[in-house]
Amino acid sequence: MHRPETEEDPQGSEGRGHTVPAAWTHVPWGTDSRSSSWLDDLILRLWLVPLTRKKVAQIADTYDFITRAHVESVAGLARIAGDIAGLRPGEARVLECAAWLHDLGKSTSDNYLSILFTPRKLDYDDENLHQLMIEHAAQSENRLDAMGYALPLTLRLVIRNHHRFLVKAGSLRDILMADPDFNSLPERKRKEVVRILDVFMVLDALCAYTEASRPSNWFDNIVFDRDVIAGKIKKRYGDVFQSDVGALVQALLDHPGARKILERNTEHDPAVMARTMKEWAEKTSIYDVNYVLILTCQIDVLKEGSDLTGFKNFLSHLASPVFSVILWEKWAEEVFSEIVVASLENKAIHREIRAYLLTIAQEHPHSLFAGVINKYI
Ligand SMILES: [Fe+2]
Ligand SMILES: [Fe+2]
């Protein structure tokens, strides 16, 4: 799992001994000719300085291990996207803070995490899913309140509405437009919130699409195609965007720093996979699935002629040494038998998977997974 650059807490008060993500400290504070809201920037700055110095490591440490990796990549993109999207310095700062804080609520309950553990690809007409997304956003805000932060309203609204939709009876309701706090703002501030959210939702969805280690993406062949990605984002949120989603996606794909983050996302992290399998072996969620059912369902939807690139990437990471440390032979046998049995339905895919498993066993003869493959094939 990658970590952002870090630096020691310069004041060494409550943060002593922790490291502070550079994202919190390296944003330039200088004035900018684009800025027409210097007072907001000042308030935000005054609010962020104590947060930066004292609490950020503590906040980041409260994430569960899957969501922590996610917010790190969203924050990495946020550092780049403010400039690309032409946000003012204060807006860019809110974007970056929202990236770090937005999913705090997701770590409070397995039900919120279950968004990552759906048996099939997320169905965006699923009211249950939308409810979970809206609730975890509200829980993020609640958690920050409970921790004693007086959130600036702009940041609060971005966190609260970071999944800006609600499906009711087949139609989309825009929860931002129905938010009384949003509607209490002057027009200039409302436009600011909308501008930031437009960018934020693209970054959040782009990360969700590219993160190979999240269980719902385990077998995916993730392609960097502007139209495919923009289409998925619009499908996810409906037509709430007031900016050109495709253009922002393309600009991020073309930016070397953003591209590096996204490409790193597409590499499975075997430690995250192994830990997910271990911790979710017995758990069930609101979708009532554990990782074994996810394996079965994802294999079930493979069709003859499917591009198995993502699936093979997933399989090859099962031979990583970290699996031998975190898991045990009983687990390896369970995963192996799920893969073999579930693929029996489709002879061509079964043959290809079987051949690939033998390749893995040859290439990683000392791995836990190779031992199981050699035992049963
Ligand atoms: Fe979220
Ligand atoms: Fe998120």
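**Exercise 1.** Which residues of helix 5 are buried?

*Solution.* The model is predicted: local features need pLDDT of at least 70, side-chain atom pairs count only at pLDDT 80 or more, and totals for chains, interfaces and linings use all residues. Residues are numbered from 1 along each chain as its sequence is written, while chains are lettered from A and ligands numbered from 1 in the order in which they are written.

Step 1: locate the helix. Helices (H or I, at least four residues) and strands (E, at least two) are DSSP runs, numbered from the N terminus. Helix 5 covers residues 127-146.

Step 2: apply the burial cut-offs. A residue is buried with 20 or more other C-beta atoms within 10 Å of its own, exposed with 12 or fewer, and partly exposed in between, with C-beta atoms placed from the backbone. The buried residues of helix 5 are L132, H136, A137, S140, E141 and L144.

Step 3: find their partners. These buried residues pack against helix 3 (89-101), helix 4 (110-113) and helix 6 (153-160).

**Exercise 2.** State whether S324 is buried, exposed or partly exposed, and list its contacts beyond four places in sequence.

*Solution.* Step 1: S324 belongs to helix 15 (residues 321-326).

Step 2: S324 counts as partly exposed because it has 17 C-beta neighbours inside 10 Å.

Step 3: contact requires C-beta atoms, placed from the backbone, within 7 Å. Neighbours within four places in sequence set aside, S324 is in contact with S367 and L368.

Step 4: for S324 and S367, the C-alpha to C-alpha distance is 7.0 Å, at a sequence separation of 43 residues.

Definitions and conventions:
Contact = placed C-beta atoms within 7 Å. Expected span 1.5 Å × (residues − 1).
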